[in-house]
Amino acid sequence: MSQEAQLIWTYVEQIRAQAPLVHNITNFVVMNNTANALLALGASPAMVHAPEEVEDFVSISSALVVNIGTLDATFVAGMKLAMHRAKALGKPIVFDPVGVGATAYRNKVSEELLSLAAPTIIRGNASEIMALAGLNAQTKGVDSLYGSEAALEAAQRLSLVWGSVVVVSGATDYIIQGKRVATVKNGHPLMTKVTGMGCTATALIGAFSAVNANYFQAATHAMAVMGIAGEIATEKDSAPGSLQVNFLNALYELSEAAITNRLQLTQS
């Protein structure tokens, strides 16, 4: 078994043993999906966004995931309080800039959140990463108009400016920290036919960052597990409705052998 596959399995076992509490301030579309994915992996999800209690939940959580998919004033207020508390407590912050570049409001909120507390890890598609880096990339709502490789320069810029690990997801996933790059080629095209799979990847990154303070490694491992589970799910039934169920089952049943036999990971 490769050293990286062995490491991934070690951290999957840690998640299952520790059941870390992952605090998600996420969008209405994916709350059920991401909560169930975290549970299937072995983590414990909290889906809490009320400003009156987010700071308390951050205090007892092992990681904070902030996803701007369905914004309103209450969500934004909660995000700011949560990120401020997480920064003060030194807890990992995973930021998903869903649809950034699509509206002035979404851009403004993203800028405010990044300035308040630089995320530990940022995950987005190519359009989102390019827009967040100030390249004025075109975006089609939450869908990317670019392949993930087009955002490598933007991801490196983001990483250097904010000190964050940056994940560009797509047919090939890129994980960037400064000049360091990991490439994950696991996954299946059918995953793009199920809403919220990118948001699920962000939540899984939260789970791995809760048990591994090497955040480049944590993000890389999460994307590998996401892709491997997607491959297993599509082999059971090649339709998007079934994929949602089979993906959760694949996460729950994930084995050391599946990681070893399927992992497509390179690093430079």
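**Burial, sheet, cores and salt bridges**

Reader: Is Gly196 buried or exposed?

Author: Gly196 is buried, with a relative accessible area of 13%. Buried means under 20% relative accessible area, exposed over 50%, and partly exposed in between, using a 1.4 Å probe and protein chains only.

Reader: What kind of model is this, and how are residues numbered?

Author: This is a predicted model, in which local features need pLDDT of at least 70 and side-chain atom pairs count only at pLDDT 80 or more, whereas totals for chains, interfaces and linings use all residues. Residues are numbered from 1 along each chain as its sequence is written, and side-chain values use heavy atoms, with hydrogens and water left out.

Reader: Where does Gly196 sit?

Author: Gly196 is in the loop between β8 and α8. Helices (H or I, at least four residues) and strands (E, at least two) are DSSP runs, numbered from the N terminus.

Reader: Which residues does UniProt list with Gly196?

Author: The unreviewed UniProt entry lists Met47 and Gly196 under "binding site". UniProt positions are given in the numbering used here, feature names are shortened, and annotations may be inferred rather than shown by experiment.

Reader: What surrounds Met47?

Author: Met47 belongs to strand β2 and is partly exposed, at a relative accessible area of 26%. Apart from neighbours within four places in sequence, Met47 is in contact (heavy atoms within 4.5 Å) with Asn24, Thr26, Met31, Thr34 and Ala35.

Reader: Which other positions carry the "binding site" feature in UniProt?

Author: The unreviewed entry also places "binding site" at Arg123 and Ser169. They span 47 residues in sequence, yet no two of their C-alpha atoms are more than 7.2 Å apart, so they gather at one spot.

Reader: And Arg123, buried or exposed?

Author: Arg123 counts as buried, at 4% relative accessibility, and is found in strand β5. Not counting residues up to four places away in sequence, Arg123 touches Ser169 and several others, including Phe95, Asp96, Val167, Gly198 and Thr202.

Reader: Turning to the sheet, what is the strand order?

Author: The order is β2-β1-β3-β4-β5-β6-β7-β8-β9, an open sheet of nine strands with mixed pairing. The edge strands, β2 (44-47) and β9 (265-267), each pair on one side only. Two strands pair if DSSP finds at least two bridges between them.

Reader: How much are neighbouring strands turned against each other?

Author: On average, neighbouring strands of this sheet are turned by 20° against each other, direction ignored. Axes are lines fitted to C-alpha atoms, for helices over the stretch in contact, and angles run from 0 to 180 degrees between N-to-C directions.

Reader: How many bridges join β5 to β6?

Author: Four bridges join β5 (residues 121-124) to β6, and these two strands run parallel. Within β6, Val166 is the bridge partner of Ile122.

Reader: Which residues touch the most other members in the largest nonpolar core?

Author: Ile175, Phe208 and Leu251 do so, in a core of 52 residues. A nonpolar core is a set of buried Ala, Val, Leu, Ile, Met, Phe, Trp, Tyr and Cys residues joined through side-chain atoms within 4.5 Å. Helix α9 provides the largest share of this core, 12 residues.

Reader: What does Phe208 contact?

Author: Leaving aside neighbours within four places in sequence, the contacts of Phe208 include Ile8, Tyr11, Leu41, His221 and Val225. A second, separate core has 43 residues, among them Phe75, Val76, Ala126 and Ala155.

Reader: How many salt bridges are found in the whole structure?

Author: Seven salt bridges are found, each being a side-chain nitrogen of Lys or Arg within 4 Å of a carboxyl oxygen of Asp or Glu. One of them joins the side chains of Arg85 and Glu55 (3.6 Å, N to O). Arg85 lies in helix α4 (residues 73-89) and Glu55 in helix α3 (residues 54-60), so the pair ties together parts that are 30 residues apart in sequence.

Reader: What about Glu112 and Lys80?

Author: Glu112 and Lys80 form a salt bridge whose closest N and O atoms are 2.9 Å apart. This pair links helix α5 (residues 104-116), which holds Glu112, to helix α4, which holds Lys80, 32 residues apart. Lys80, Lys108 and Glu112 are linked in a network of salt bridges.

Reader: And Glu231, buried or exposed?

Author: Glu231 is buried, with a relative accessible area of 11%, whereas Arg262 is partly exposed at 22%. Their side chains meet in a salt bridge (3.5 Å, N to O).
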